[in-house]
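Q: I am new to this structure. Could we go through it step by step?

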Amino acid sequence: MTSQYAELRGLYHLRETIGSGGFAKVKLGYHSLTGEKVAIKIMDKRALGDDLPRVKTEIEAMKNLCHQHICKLYQVIETEQKVYMILEYCPEGELFDYIVSKDRLAEDEARIFFRQIVSAVAYIHSQGYAHRDLKPENLLLDEDQNLKLIDFGLCAKPQGGMENHLYTCCGSPAYAAPELISGKEYIGSQADLWSMGILLYALLCGYLPFDDEKIPQLYKKIQSGKYENPPWLSEESKTLMSRMLQVDPQSRLTIKQLISHPWLTKDTNVPVEWRSKYKRSLDEDCITELAVHYGKTKAEMERDVTQFKFDYLTSSYFLLLEKKMKGRPVRLLHQK
Ligand SMILES: [NH3+]CCCOc1cc(-c2cn[nH]c2)ccc1C(=O)Nc1ccccc1
């Protein structure tokens with residue numbers, strides 16, 4: 001029988017499993033042409049069943065999202081049985097485990113993380129997407145302790161823009177907005193704002209504002225909008241969270257108000273930088289290195305890379321760019 005993962009041979013060297021969630025297994029891999037580490041999310045189509053559309057949703061969304069606080073998609077490989085997503089490697093694991101390890105975060109550490117979360121969400125909203133499953137399990141830490149958002153399986157891009165209503169009730173109950181769990185129509189971006197309020201509370205307190213083992217009781221607490229503020233919280237953080245955890249979505253803070261909120265701009269006095277730091281134009285050095293390797297002219301290589309087919313060329317380009325942004329030599333490992 002052919003060896004497992006035959007489709008990856010020569011492209012990636014597979015190592016140990018580094019995570020799993022529901023219907024996916026995530027393994028550490030090495031991109032053979034650059035030597036860079038990647039995370040390979042492996043899904044079995046049969047096991048996915050009617051969750052397969054979620055994977056397609058995630059792939060299409062991640063192809064359009066390119067941002068310093070979103071886990072980068074480098075390549076997609078699809079076979080009869082499997083779907084492989086080659087993703088940016090985040091060695092420091094989930095924000096969830098980081099909070100648990102420290103009980104709760106001090107306000108200035110929480111602020112640094114929350115600015116990165118707001119940056120990622122403001123960017124996806126500007127691209128017309130709502131994430132709809134924001135929680136610390138879906139925020140990973142890279143080697144520089146920067147947050148990277150994952151799991152766009154539930155994200156939505158409503159036809160005709162973000163003002164249009166969504167209906168599917170989804171995401172994790174404890175982070176779900178009241179309007180979302182009451183089955184009413186809702187605006188995805190407003191539901192994301194509520195989830196970010198829950199996230200900020202989790203960062204500052206180390207536990208959830210609304211919690212109950214029984215789902216119906218949990219829903220009642222969420223719809224009441226009543227939660228406890230522990231004594232260590234500052235007045236400003238309590239005010240900010242109360243503006244985000246408004247049961248009525250109309251009176252909730254908007255993402256535009258959030259990026260320049262005083263609690264977020266404290267000590268920096270500049271609004272959260274939410275635009276992508278990635279340039280639209282192609283990087284000359286990377287194109288040159290790839291052209292030499294594949295024996296093509298720079299013009300031919302530019303034309304091929306620009307198509308962003310999310311094939312091995314796309315992953316090689318992005319990983320060379322990563323090397324450059326980390327100040328490493330823009331060099332491919334020459335195959336024997
Ligand atoms: N809660 C996260 C578990 C590990 O999952 C991932 C890890 C990485 C990762 C690890 N290192 N670098 C990136 C990249 C992506 C995922 C992921 O998308 N997981 C997932 C999401 C929804 C359903 C099933 C699985």
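Q: How many helices and strands are there in the protein?
A: The protein has 13 helices and 7 strands; these are DSSP runs numbered from the N terminus, helices being H or I with at least four residues and strands E with at least two. This is a predicted model, in which local features need pLDDT of at least 70 and side-chain atom pairs count only at pLDDT 80 or more, while totals for chains, interfaces and linings use all residues. Residues are numbered from 1 along each chain as its sequence is written, and side-chain values use heavy atoms, with hydrogens and water left out.

Q: Which residues come nearest to the ligand?
A: Gly21, Lys41, Cys90, Glu94 and Glu137 come nearest, out of 17 residues around the ligand. A residue counts as near if one of its heavy atoms lies within 4 Å.

Q: Where are the polar atoms of Lys41, Cys90 and Glu94 relative to the ligand?
A: A polar side-chain atom of Lys41 is 2.8 Å from an oxygen atom of the ligand. Cys90 places a polar backbone atom 2.8 Å from a ligand nitrogen atom, and a polar side-chain atom of Glu94 is 2.8 Å from a nitrogen atom of the ligand. The ligand on its own has 540 Å² of accessible area, of which the protein covers 90%; such areas come from the Shrake-Rupley method with a 1.4 Å probe, and for residues only the protein chains shown count as cover.

Q: Which elements give two or more residues to that shell?
A: They are β1 (12-21), β2 (24-31), β3 (37-44) and β5 (82-88). The largest share, 3 residues, comes from β1.

Q: Changing topic, how many disulfides are there?
A: A search of the whole structure finds 0 disulfides, a disulfide being a pair of cysteine sulfur atoms within 2.5 Å.

Q: What about phi at Tyr5 and Gln145?
A: Tyr5, in the segment before β1, has a positive phi of about 55° although it is not a glycine. Gln145, in the loop between β6 (139-141) and β7 (147-149), also has a positive phi, near 60°. Most residues other than glycine have a negative phi.

Q: Are those two buried or exposed?
A: Tyr5 counts as buried at 16% relative accessibility, whereas Gln145 is partly exposed at 33%. Buried means under 20% relative accessible area, exposed over 50%, and partly exposed in between, with a 1.4 Å probe and protein chains only.

Note on methods
A polar contact is a pair of N or O atoms within 3.5 Å; within protein, one must be able to donate a hydrogen and the other to accept it, and residues adjacent in sequence count only if both atoms are side-chain atoms.
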